[in-house]
Amino acid sequence: MEDILELTIAQIRELLQKRKISSVELTNYFLERIKRFDGDISSYIKVTEEYALKMAGDADKKIADGENGQLLGIPLGIKDIYCTKGIETTCASRILKGFIPPYDATIIRRLKDEGYVHLGRLNMDEFAMGSSTETSYFGITRNPWDLERIPGGSSGGSAAAVAADECIASIGSDTGGSIRQPAALCGVVGMKPTYGRVSRFGLIAFASSLDQIGPFTKDVEDCAIMMNAIAGYDPRESTSVPLNVPDYTEFISRGIGGWKVGIPKEYFIEGIHPDIEKAMQRAITTVEGLGATCVEISLPHTEYCLAVYYIIAPAEASSNLARYDGVKYGFRPQGSIDLLDMYKKTRSAGFGAEVKRRIMIGTYALSSGYYDAYYKKASQVRALIKRDFTEAFTLCDAILTPTSPTPAFKIGEKMDDPLQMYLSDIFTISTNLAGIPGISVPCGFTKDGLPIGAQFLAGHFEEGKLIQIASAFEKYANIEKRRPAL
Amino acid sequence: MPYEPVIGLEVHAQLLTETKIFCSCSTQFGAEPNSHTCPVCMGMPGVLPVLNRKVVEYTMKMALATHCRINEACNFARKNYFYPDLPKGYQISQYAQPLSEHGYVDIELDGGKKRIGITRIHMEEDAGKLLHDEHLPSSYVDLNRTGVPLIEIVSEPDMRSTDEAVAYLKRLHEILVYLEICDGNMEEGSFRCDANVSLRPRGEMMFGTRTELKNMNSFRNVQRALDYEIKRQQCILESGQDVIQETRLWDDSKGETQSMRGKEEAHDYRYFPDPDLVPIVIDNAWTEEMKKSLPELPLEKRERFIRDYQIPPYDAGVLTSSRALAGYFEEVARLSGKPKIASNWVMGDVLRFLNEEKRDIKECPVLPGSLAEMIQLIEDGTISGKMAKDIIVEMYRTGKSPQAVIEEKGMIQITDEGTLEKTVAEVIAANPTQLAQYRGGKEKLFGYFVGQVMKATQGKANPQLINELLKEMLAKE
Ligand SMILES: [Zn+2]
């Protein structure tokens with residue numbers, strides 16, 4: 001059955017419907033692959049074998065009954081950030097060890113409604129804080145293309161699992177690039193939808209005004225299929241937007257003839273890896289070859305993005321993470337002498353260094369006397385960054401940028417230098433600040449054989465446009481098909 | 001040196017919505033611990049708040065009733081602090097942009113009216129409760145109350161005496177209950193009050209150092225705590241020392257306020273707009289809709305009663321002390337057509353019976369229609385006022401109509417002149433000595449004859465008729 005790993009959701013769905021393969025067989029196939037390869041990669045925190053086979057069995061029954069969910073019988077990996085009823089959900093943190101939610105995140109509910117199979121919980125940076133999946137309490141995840149390198153983050157497990165064919169597709173979350181950057185570094189497709197498009201209910205919050213949910217897939221068509229399953233209004237989220245969701249698969253192979261594609265001059269900076277720069281030149285040529293015109297645009301407040309992000313995200317996180325106090329669920333050390341002691345011991349031992357760093361930055365930024373200079377100012381600049389994009393999209397249909405300034409870096413390389421680590425997200429952060437959608441698609445390899453990603457951006461709720469341009473690009477860019485050697 | 005107290009009050013009122021402010025759990029008081037909870041109000045990971053629209057509407061009602069300006073847009077903010085009864089580690093409240101600001105209420109004092117400014121009214125969620133085990137070194141957390149909607153009403157420091165503060169508090173209480181948005185129960189904590197108190201030399205413009213008083217769960221305790229605190233601060237100032245700015249708890253059993261020092265470190269709540277909630281936009285149409293839904297407020301009602309029913313201000317005050325009582329009275333007044341007499345019966349007998357049994361007017365066995373009927377029976381002379389006093393006792397006891405009571409007891413008033421003439425003649429004949437004295441000029445004995453006739457008729461005779469007949473027949477030689 002080796003050829004299964006070549007197949008996309010669209011293709012496997014057909015095999016399932018025609019009963020050429022059962023969901024149980026398919027699930028066993030991936031469980032086998034996880035057993036064989038995940039020892040090296042560690043993309044999963046936990047494989048839910050029994051649960052997966054039960055769901056697969058149910059899916060097979062439904063298929064036999066003629067039902068036809070969009071993901072019926074499809075085995076997916078889930079970032080360990082989505083509350084899933086009855087399944088330990090940790091956010092890769094010691095502080096949530098043992099926490100079993102009594103409820104499903106909306107996205108999990110939607111996937112269940114479509115008949116998916118839950119293979120397991122994918123690794124991530126603790127509380128999604130990081131760009132390398134090195135801050136997880138459960139250990140690092142390795143890049144399938146080079147086991148000495150990181151897979152990107154924070155959804156590193158989700159990207160690595162798809163790249164290593166340990167699932168057909170996966171779900172991740174993106175607060176400042178946590179889907180697109182690992183997708184680029186692992187050579188897969190990753191989309192961050194518009195803020196408000198996919199419900200955050202049950203997504204364990206990092207930074208509430210920035211967090212979004214999205215898929216990792218092998219190709220753009222699968223991305224459209226996954227988006228069809230997960231997008232839509234949710235009355236349980238106040239920031240969810242009650243807009244109709246189009247059928248995203250209809251945007252495949254529409255072409256982009258006559259489009260204007262903006263190339264922001266601020267994104268082609270010193271320090272971009274030379275192979276990535278070359279790949280971007282080729283990408284521009286490809287886009288123009290598709291009948292679009294590339295135009296230089298300006299996003300003048302780009303230089304402030306990182307600073308704004310590293311005030312707003314930690315500020316929200318410092319408040320979001322206050323609930324982990326040892327009182328109600330998760331980790332609590334023994335032997336506290338009083339309440340304050342219990343709080344201190346729980347949070348000191350429960351959180352890792354990067355999470356603590358961000359809680360402290362955020363607490364500081366919100367403190368009385370500093371609020372105006374930091375949080376308030378950052379919110380004002382954020383509005384300007386948003387306006388940059390609104391103005392840019394009056395001049396172009398979509399924007400093309402590199403996803404990440406560098407390919408996958410070595411494990412440990414940036415762990416002692418948070419500022420260098422934060423720069424990994426320099427091209428992805430502005431998207432979250434503006435709330436617009438973005439997609440990263442494979443765009444070639446470095447000389448050393450590491451994947452490179454190209455990022456397309458569009459206006460609010462224009463995920464369809466992203467599918468349209470990314471699928472056209474994917475088809476005509478002639479990116480060499482390679483698989484990581486495992 | 002004469003000192004003047006300066007008092008400002010912060011009132012927290014629980015709103016009478018059926019469900020909590022950000023989830024659909026019940027707000028009912030007194031249930032099994034943690035039975036009215038869900039992942040949202042328990043602060044579980046990943047859950048999100050969705051605002052209960054009723055909370056906004058109830059708050060708008062209070063804002064309108066206290067002449068506040070309603071802001072076109074307001075938002076929620078997070079107030080961050082750690083405590084086990086606060087499962088999210090922050091309370092969702094309003095901070096920089098509250099729902100309403102700049103209002104007032106008028107209070108009535110012996111010396112007349114006074115206007116007390118309201119700084120702001122905002123919405124927030126209540127916290128849970130801790131239950132401490134006396135024998136174990138551990139505490140239990142009950143989150144039933146977590147997320148119950150509250151409004152906080154902050155006054156200006158406009159009150160200059162304990163009496164003013166209590167009058168203001170009673171006025172707020174009355175309005176909240178009138179609006180039917182709060183049950184006003186202080187003991188169960190649905191109406192809570194904190195006070196800021198300072199003293200300054202009379203005539204001084206600057207405020208002195210204030211203390212914040214907490215834990216006063218009845219009007220009486222507010223009164224006592226404020227009196228105590230004013231005296232305490234006065235002693236400090238008179239001895240040349242300085243008042244320390246701090247929070248003090250009222251200890252009811254000891255009758256004193258005690259410092260919370262040590263427990264209450266200076267908090268930095270790190271307020272910021274809650275990113276999980278969107279700004280609330282209130283347009284004119286919504287405000288107008290709420291305005292239309294407002295009932296007549298107590299003060300307006302009181303003035304109308306005095307004007308339209310010609311009843312004394314004190315009586316109007318009593319009758320409008322609750323919407324139900326005012327409604328009861330108005331119904332009796334309308335059905336009987338005799339508002340003043342209706343007021344006397346309601347204020348007198350009906351309220352006395354109810355108060356004796358600590359019952360609410362809503363549970364009154366004497367229905368407004370029955371009371372009105374009884375008033376008419378007096379008016380048309382079917383029964384005497386004296387008989388009515390007995391009849392209403394029966395009506396209250398049995399819930400029966402006056403007609404039914406009268407029939408059962410055979411209490412019809414004798415208004416037939418012929419029958420009564422006979423009795424009067426008999427009484428006169430049976431008392432020759434008194435008759436002689438009366439005719440001899442001892443006119444006081446008239447009352448004696450009235451009493452004898454009443455006795456002979458078992459009180460059923462129409463007193464007016466007795467008077468007429470006696471006068472006539474005693475004069476006859
Ligand atoms: Zn609840």
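**A metal site and a helix pair**

Author: Quick ground rules: this is a predicted model, where local features need pLDDT of at least 70, side-chain atom pairs count only at pLDDT 80 or more, and totals for chains, interfaces and linings use all residues. Residues are numbered from 1 along each chain as its sequence is written, chains are lettered from A and ligands numbered from 1 in the order written, and side-chain values use heavy atoms, leaving out hydrogens and water.

Reader: Which handedness does the crossing of α9(B) and α10(B) have?

Author: Helices here are DSSP runs (H or I, at least four residues), numbered from the N terminus. A crossing is left-handed if the near helix is turned anticlockwise from the far one by less than a right angle, and right-handed if clockwise. For α9(B) and α10(B), that crossing is right-handed.

Reader: How do α9(B) and α10(B) run relative to each other?

Author: Residues 368-379 and 385-398 of chain B pack at an angle of about 160 degrees. Axes are lines fitted to C-alpha atoms over the stretch in contact, with angles from 0 to 180 degrees between N-to-C directions. Over 145 degrees counts as roughly antiparallel, so α9(B) and α10(B) are roughly antiparallel.

Reader: What arrangement do the four donor atoms around the zinc ion make?

Author: The SG atoms of C23(B), C25(B), C38(B) and C41(B) coordinate zinc at 2.3 to 2.4 Å; donors are N, O and S atoms within 2.8 Å of the metal (3.2 Å for Na, K and Ca). Four donors count as tetrahedral if all angles lie between 85 and 135 degrees. Around this zinc ion the angles are 101 to 113 degrees, so the arrangement is tetrahedral.

Terms used: Helices (H or I, at least four residues) and strands (E, at least two) are DSSP runs, numbered from the N terminus. Angles under 35 degrees count as roughly parallel, over 145 as roughly antiparallel, 65 to 115 as roughly perpendicular and the rest as oblique. Four donors count as tetrahedral if all angles lie between 85 and 135 degrees; four count as square planar and six as octahedral if opposite donors are over 155 degrees apart and all others between 65 and 115; anything else is irregular.
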